[in-house]
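This briefing concerns the strand pairing of one protein model and the surroundings of a single loop residue. Please consult the sequence and structure shown here alongside the points below.

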Amino acid sequence: MTAYTPHDWIDVGAVEDVPLRGARVVHTASGDIAVFRTGEGKIFALRDRCPHKNGPLSQGIVHDDGVTCPLHNWVIDLATGQARGADVGCTGVIPVRAERGRIHLGVAALAGRVA
Ligand code: FES
């Protein structure tokens, strides 16, 4: 069994596995995480739950550095997790980095990753 510290990072896949203007889901024991790739190739990660009514943000439309929720069209900022415009709410931001073509998520947010 690997012992991780809260400062470690876990490889969750290749950058190329996340489509431009799209997302992939990482399943963890503490809930799904949506990993996004913008049209400019920037990588972000958020809890896969809209702050409105828990819609799956990973199935939303990615534009600029935001995602439009597929359920009721709230726009969530990918960098802050905050709802934009007149809507109020926030989803959790997950530490993420891309290194040598691989995506790594911060271990502290991944306790109990299952797949
Ligand atoms: S659940 Fe996302 S906008 Fe309603």
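The model is predicted: local features require pLDDT of at least 70, side-chain atom pairs count only at pLDDT 80 or more, and totals for chains, interfaces and linings use all residues. Residues are numbered from 1 along each chain as its sequence is written, and side-chain values use heavy atoms, with hydrogens and water left out.

**Open sheet**
- Three strands form an open sheet in the order β5-β6-β7, with antiparallel pairing; strands are DSSP runs (E, at least two residues) numbered from the N terminus, and two strands pair if DSSP finds at least two bridges between them.
- β5 (61–63) and β7 (75–77) are the edge strands, each pairing on one side only.
- On average, neighbouring strands of this sheet are turned by 25 degrees against each other, direction ignored; the axes are lines fitted to C-alpha atoms, and angles run from 0 to 180 degrees between N-to-C directions.
- Three bridges join β6 (residues 66–68) to β7 in the antiparallel sense, and Gly66 has Asp77 in β7 as its bridge partner.

**Hairpin**
- β8 (residues 96–99) and β9 (residues 102–106) pair in the antiparallel sense over four bridges; Glu99 has Arg102 in β9 as its bridge partner.
- Two residues lie between β8 and β9 in this hairpin, and Arg100 in the turn has a positive phi of about 50 degrees.

**Loop residue Thr38**
- Thr38 lies in the loop between β3 (33–37) and β4 (43–47).
- Thr38 counts as buried because its relative accessibility is 1%, where buried means under 20% relative accessible area (1.4 Å probe, protein chains only).
- Leaving aside neighbours within four places in sequence, Thr38 is in contact (heavy atoms within 4.5 Å) with Leu20, Arg21, Phe44, Val62, Asp64, Asp65 and Leu78.

How values were computed. Buried < 20%, exposed > 50% of the residue type's maximum accessible area, 1.4 Å probe, protein only.
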